[in-house]
Amino acid sequence: MVAATYKLRVRYNECGPDGFCYHGNYYSWFDMAQKEFLRQHPEANAEYSSSGTHIMPLDTHSRYYVPVFQDDELTVELRIKHVSNVRVEVEYTLVRDSDGAKAAVCYTKCACMSVSNRPLVLKTVLPQLYSALCDNVDE
């Protein structure tokens with residue numbers, strides 16, 4: 001199940017002299033899909049924003065399939081793959097809208113952390129967010 005999507009158009013400044021988009025930009029697009037998920041769950045978003053906690057990436061892995069170019073229209077699809085007491089696993093798929101080609105897939109594992117970088121129990125500290133994540137797990 002796609003939990004959130006983010007649509008964008010590749011900008012000139014995101015591309016190198018070879019004409020295609022620098023892959024490091026993909027992560028900011030994945031982050032925007034994350035923000036879209038939070039916008040769809042305003043109670044969870046408010047809870048997270050005021051909590052003083054953060055969701056910190058522990059591991060990330062990306063696979064690139066086809067390049068994307070300036071002015072390409074893209075969609076980032078966010079899927080929640082697994083939720084535990086502390087960790088969340090998310091998959092992002094970057095799709096080129098013109099032909100439906102899968103441009104990249106990124107997997108991340110994140111943990112709920114305090115401002116002092118100590119792990120926290122997600123369902124205790126952020127129950128609204130935990131519930132929203134669990135309700136959207138891609139099974």
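Student: What is the strand order of the open sheet, and how do its strands pair?

Tutor: In this predicted model, five strands form an open sheet in the order 1-3-4-5-2, and the pairing is antiparallel.

Student: Why are strand 1 and strand 2 said to stand at the edges?

Tutor: Strand 1 (4-9) and strand 2 (54-64) each have a single partner strand, so one side of each has no neighbour in the sheet. On average, neighbouring strands are turned by 20° against each other, direction ignored.

Student: What makes strand 2 and strand 5 a pair?

Tutor: Pairing requires at least two bridges. Strand 2 and strand 5 (residues 102-113) share ten bridges, in the antiparallel sense, so they count as paired. One of the bridges joins histidine 54 to methionine 113 in strand 5.

Student: Which helices pack on the sheet?

Tutor: Helix 1 (residues 26-40) does, touching strand 1, strand 2, strand 3 (73-83), strand 4 and strand 5, with its direction at about 135° to that of strand 1. Helix 4 (residues 127-135) packs on the sheet too, touching strand 2, strand 3 and strand 4, and its direction makes about 105° with that of strand 3.

Student: How do you know that the span of helix 1 is close to the expected one?

Tutor: Helix 1 has 15 residues, and at 1.5 Å a residue a span of 21 Å is expected. From the first C-alpha to the last, helix 1 reaches 21 Å. Its buried residues are Tyr26, Trp29, Phe30, Ala33, Phe37 and Leu38. As a general point, an α-helix has 3.6 residues a turn, so residues three or four places apart point the same way.

Student: Why is arginine 96 called buried?

Tutor: The cut-off for buried is under 20% relative accessible area. Arginine 96 has 14%, so it counts as buried. Arginine 96 lies in strand 4 (residues 87-96). Beyond its neighbours within four places in sequence, it is in contact with Val66, Pro67, Asp72, Glu73, Leu74 and Ala101.

Student: What makes the link between arginine 96 and aspartate 99 a polar contact?

Tutor: The cut-off is 3.5 Å between N or O atoms, one able to donate a hydrogen and the other to accept it. The side chains of arginine 96 and aspartate 99 are joined by a polar contact of 2.8 Å, within that limit.

Student: Is threonine 75 buried or exposed?

Tutor: Buried: threonine 75, in strand 3, has a relative accessible area of 8%, and the limit is 20%. Its side chain makes a polar contact of 2.8 Å with that of aspartate 97. Among its other contacts outside four places in sequence are Thr5, Tyr6 and Lys7.

Student: Why is there no disulfide for cysteine 15?

Tutor: A disulfide needs two cysteine sulfur atoms within 2.5 Å. For cysteine 15, the nearest cysteine sulfur is that of cysteine 21, 5.2 Å away, so cysteine 15 is in no disulfide. The count of disulfides comes to zero. Cysteine 15 is buried at 18%, and cysteine 21 is buried at 3%.

Student: What makes the phi of aspartate 71 worth a look?

Tutor: Most residues other than glycine have a negative phi. Aspartate 71 is not a glycine, and its phi is positive, about 80°. Aspartate 71 lies in the loop between strand 2 and strand 3.

Student: Why is aspartate 71 called partly exposed?

Tutor: Its relative accessible area is 46%, which falls between the 20% and 50% cut-offs, so the label is partly exposed.

Technical notes: Residues are numbered from 1 along each chain as its sequence is written. This is a predicted model: local features need pLDDT of at least 70, side-chain atom pairs count only at pLDDT 80 or more; totals for chains, interfaces and linings use all residues. Side-chain values use heavy atoms; hydrogens and water are left out. Helices (H or I, at least four residues) and strands (E, at least two) are DSSP runs, numbered from the N terminus. Buried means under 20% relative accessible area, exposed over 50%, partly exposed in between (1.4 Å probe, protein chains only). Contact means heavy atoms within 4.5 Å. Axes are lines fitted to C-alpha atoms, for helices over the stretch in contact, and angles run from 0 to 180 degrees between N-to-C directions. The expected span of a helix is 1.5 Å times one less than its number of residues.
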